[in-house]
Amino acid sequence: MVTLAEVAQHAGVSASTVSYVLSGKRSISAGTRERVEQSIQQLGYHPNAGARALASSRSNIIALMIPLRTDMYVPVMMEIAIAVATSARTHGYDVLLLTGEEGPDAVRRVTGSGLADAMILMDVELDDERLPLLRAGGTPGRAKSRLGEDQPSVLIGLPADTSGLTCVDLDFGATGALCAEHLAMLGHRDIAVIGEAPAVYERHTGFAERTLDGLRSRSRELGVRVLHRPCEGGYDAMSLTLSRIFDERPGTTGFVVQNESAVEPLLALLRQQGRAIPEDVSVIAICPDQVATQASVRLTSVAIPAQEMGRHAVEHLIAKLEGHGKDEVVLLAPELTVRASTGPAAS
């Protein structure tokens, strides 16, 4: 491996000058800096991560807390994670992925050990147990590290109380309202919402609760009745859920699905019952574009902007690390794409 001393010899400078170029701790003339950087590139020098961390009190690592639960659609979570990792690398940071359901213990482990310089938290609940720790440092949106320094954090998701926090998310309340408006405009007056698994609502997960609140509120204003049924997903669970919906509301003509694993079983069951899409019933999905376009019927949908969410979260976190970030809530506006699954309500 190429050493720092070899880089210094190649560039014709002292080892301390190379170190200052790498750390940025002292001002170095443009010509010297360029010469050192050329030597680093030509020799293929890579600073030792452990040594740099000790010298700078920085690990150049961002911790991404993303509990992987069986009741969540993992591909979306991982798409956000990939976007976070890709964006972080452009700023010189690597990502430490924490996938367990440890809650506050994971936050304490990261801040207590100095594993990472900052944190991004996903799968945010309305009353998330991790949030008091993020507010405990005295500076909004920051926990205290083992060195006593503020440790920035960003949430991908929205809790009930956003004070002192930086949050990035799709505006799920507006998403629900947009679905209600589209179906109401087509003349649908009885809508069924096929939601996530029951455990998602039992945890009061923010995105699911906010979608439902937005849809119900706008539906009331538009004179549309709404029936919400959580669903585990899969054919058997969807069959039972659909039977319950038509037993309770036989006049249901519009469906909003916020559960990727329930999409294809729903479409198959509607066909089996002789209900044509969109002539008899209309279906809107809140899901990635890939799910909507590859379904057996091309679905009208509101897309999940996974890459944008990951990129925005990293940009806000880097701003905090550089000392000019501020706590704010960033909500991405939903976009509804009309495809083949929605049409005028049957008379």
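## Basis

The model is predicted, so local features need pLDDT of at least 70 and side-chain atom pairs count only at pLDDT 80 or more, while totals for chains, interfaces and linings use all residues. Residues are numbered from 1 along each chain as its sequence is written, and side-chain values use heavy atoms, without hydrogens and water.

## Salt bridges

The whole structure holds 16 salt bridges (a side-chain nitrogen of Lys or Arg within 4 Å of a carboxyl oxygen of Asp or Glu). One of them joins Asp190 and Arg225 at 2.8 Å, N to O. Asp190 is in strand E7 and Arg225 in strand E8, so the pair ties together parts 35 residues apart in sequence (strands, E, are DSSP runs of at least two residues, and helices, H or I, of at least four, numbered from the N terminus). Asp190 is buried at 15% relative accessibility, whereas Arg225 is partly exposed at 45% (buried is under 20% relative accessible area, exposed over 50%, partly exposed in between; 1.4 Å probe, protein chains only).

Within helix H14, Glu315 and Arg311 are 4 residues apart, and their closest N and O atoms are 3.5 Å apart.

## Glu209

Glu209, in helix H10, is buried but has no salt bridge. The nearest side chain of opposite charge, Arg216, is 6.4 Å away (Lys and Arg count as positive, Asp and Glu as negative; His and chain ends are not counted).

## Strand E12

Val330 and Leu332 form the covered face of strand E12, and Val329 and Leu331 the uncovered one. E12 pairs with E6 in the parallel sense over 4 bridges (pairing requires at least two DSSP bridges).
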